[in-house]
Structures are given as C-alpha cells and as structure tokens.
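This report describes selected local features of the structure shown below.

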Amino acid sequence: MTGMTGTTGGVPGDVTGQELYHRWIEEAWNGHPEAVRGLVTADFTGHWPGRKVHGADELAELIASTRRMFTSLRFVIEVGPFAANGLVAGRWSGVGRTDGGEARFFGNDILRVRDGRFAEYWVASGQLGG
C-alpha cells in the first residue's frame, strides 16, 4: 500500500495518510503517548494556539500531561481522515472524565506528512458545554 495518489493519501512509504492518522488517534492520543516516536519526524513541529511543540519527546509529554488531567480520556475520529498532496485532515471528538464530571471536546487536525511520518501539525479544538 504505497501511496502517491489521493486514494492512498499521497504518503510515500508503506503506510497511507489515512492509516497514519488512525494510528495518531488510536495509539498516541488514546493512551500510549510514547507511540509518537514511530509516527513523527525528528524535526516535528506541532502548532497549538499559543504554543509550539518540537520533536517526539515534547509531543509525548504534551499528550501524557493532557491524559493526566483526566481519570479516563477517549478520542474517536468523526470525519475523515482525508489525505492528498502530503497532507492529512480529520475531525475528532473526545470525552474525558474527572472526579468533577465529564468534559467533551472536538477538534480539527491538519498534518503534513514527510517520509511516511508526520512532520507538522495544526489543531483547532474546543470544549463543548464549558
């Protein structure tokens, strides 16, 4: 499943952009932050509003610190992922629980792929009902 077309995500190598995004959500964000080491490039840059993250170590720590805020946290892909021309986009939702109750989140991701890994990330996200 190598891909240089829109149908396989335009991602060179043995993984499609869609597969890579599923791993991004399922492996990294749903409980194994260290999984990013196999998903991002060495020079990865993540763009959050007001914050940039560089490299796998900073990204893994950001994910781990996000998960520590909750007793349980689960993300699901709602739309996509769509992949073309070295970019992958998807919409996700999440539910987190704390002793104080439940929080619901949503977000849109755009990721740039290079050499079969994510090299750059942009997110727009928010919280429902809060």
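N30 sits in the loop that joins α1 (17-29) to β1 (40-48); helices (H or I, at least four residues) and strands (E, at least two) are DSSP runs, numbered from the N terminus. The model is predicted, so that local features need pLDDT of at least 70 and side-chain atom pairs count only at pLDDT 80 or more, while totals for chains, interfaces and linings use all residues. Residues are numbered from 1 along each chain as its sequence is written, and side-chain values use heavy atoms, with hydrogens and water left out.

A polar atom of the N30 side chain lies 2.7 Å from the backbone nitrogen of F75. Leaving aside neighbours within four places in sequence, N30 is in contact (heavy atoms within 4.5 Å) with I25, R67, L73, R74 and F75.

Two residues can be set side by side by relative accessible area (buried: under 20%; exposed: over 50%; partly exposed: in between; 1.4 Å probe, protein chains only).

| Residue | Relative accessible area | Class |
|---|---|---|
| N30 | 12% | buried |
| L87 | 39% | partly exposed |

L87 belongs to strand β4 (residues 87-98). Strand β3 (residues 72-84) pairs with β4 in the antiparallel sense over 10 bridges, where pairing requires at least two DSSP bridges between two strands. A83 stands opposite V88 in β4. The hairpin of β3 and β4 has two residues between the strands, and N85 takes a positive phi near 55° there.

Key. A polar contact is a pair of N or O atoms within 3.5 Å; within protein, one must be able to donate a hydrogen and the other to accept it, and residues adjacent in sequence count only if both atoms are side-chain atoms.
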